[in-house]
Amino acid sequence: MGALVGLLFGLGLLLVWSAFFVPRAPRPVTASPGRTRQLLDRAGLATVGVHGFWTMSLGAGASVALVMQAVTATPPVALVFGAMATGVPWATVSARGRRRQREFALVWPEVVDSLASGVRAGLSLPEAVSALGERGPDVLRPAFTDFARDYRATGRFGPALDRLKMQLADPVGDRVVEGLRIAREVGGGELGRMLRNLSAHLRDDERIRAELESRQAWTINGARLAVAAPWVVLLMMAFRSDAIATFGSPAGTVVLLIGAACCVVAYRVMVRVGRLPTEQRILG
C-alpha cells in the first residue's frame, strides 16, 4: 500500500513539473497585412501585388524626374516633381478605396433588407446570402456570386463567409458577415430582428455622414487647390530657363525644400481637420 501511495505521489509531482517546465509549442501567429496590402484590398485590387504596386510608383516617379530634368536642367526641381509623381498611384488607389467604401455604404441597407426578406420567405441563411449574387446591388453582386460558388463547392458556410469578408474588405461588410456567422452558429431565432435593427442603424449612419461630408467638402477641396497652386506656377516657370535656373542654386534648393515641406504638412493638417473619421476594420 505504501509503494502505491509513493508511486501516485511521484506521478503527481511529475505532472506538476511538466506543467511548469516542459516547453510548450509556440502558438501560430497570424501576420496582419501591411498598410499597402490593406489599401489595395480596400480599393478592390486584391490581384495587384504590393511589390508590383511600389515598382510602378517608383517607375512613374523616375520617369517624371527624367522628363523634368530634360526640360529644366535643374535637378532639385526634377527631384521634387519626381517625388510627387511617386505618390500619385498611392493617392489614386486611396481615393478609389474611399469611393468604393462610399458606394458600399449606400447599398448595405438594401442588402440587409434583402437578407431579411429572404429569411422571412423561408430561405435558409446560405440561400439568402447566395441569392444576393443575382438580386443584390450591382456593386456587390460579384462578391456574393463568388460566395455562392464557394458554398456550392464546399458546403461550408464559415470558410465561404471568410472569403467573402476578405473580398469585400469593408468595415460594414465585416459587421454584416460576423452577424450572419453568429446567427448561423447560435440559431436564427433573432435573425430577423437583428437584420432590421442593423438596416435602420446603417441608414441613420449614412444620412448623418452624407450631411457632414457635404458641409466639409469645401475644406478638402480648398486644401487641394491651395497645395496645387504653387506647383502649377512652378511647372509653368519650367519653360523659362532664366526663371527656373534660380532653383538650381543652394538658396533656391533650400526654398524649394521648405516650400515642399510646408505644403505637405499644411495639406495633411487641413485634410485631417476636414475629413470625417473612417471606420476601421476591427473584425477583418
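## Overall fold

Going along the sequence, the protein reads α-α-α-α-α-α-α-α-α-α-α. That comes to 11 helices and 0 strands, where helices (H or I, at least four residues) and strands (E, at least two) are DSSP runs numbered from the N terminus. Bear in mind that this is a predicted model, where local features need pLDDT of at least 70, side-chain atom pairs count only at pLDDT 80 or more, and totals for chains, interfaces and linings use all residues. Residues are numbered from 1 along each chain as its sequence is written, and side-chain values use heavy atoms, with hydrogens and water left out.

## Burial, surface and contacts

Of the 284 residues in the protein, 33% are buried. Here buried means under 20% relative accessible area, exposed means over 50%, and partly exposed is in between (1.4 Å probe, protein chains only). The protein exposes about 17,700 Å², with carbon and sulfur atoms supplying 65% of that area; the areas come from the Shrake-Rupley method with a 1.4 Å probe, and for residues only the protein chains shown count as cover.

As for contacts (heavy atoms within 4.5 Å), take those between residues at least 6 apart in sequence: 66% of them join residues at least 24 apart.

Val-71 belongs to helix 3 (residues 50-72). With a relative accessible area of 43%, Val-71 is partly exposed.

## Val-88 in helix 4

Val-88 lies in helix 4 (residues 75-120) and is partly exposed too, at 46% relative accessibility. Val-88 and Ala-60 are 28 residues apart in sequence, and their C-alpha atoms are 8.6 Å apart in space.

## The cysteines

A disulfide is a covalent bond between the sulfur atoms of two cysteines. The cut-off used here is a pair of cysteine sulfur atoms within 2.5 Å, and a search of the whole structure turns up 0 of them. Cys-262 is in no disulfide, and its nearest cysteine sulfur, that of Cys-263, is 7.1 Å away.
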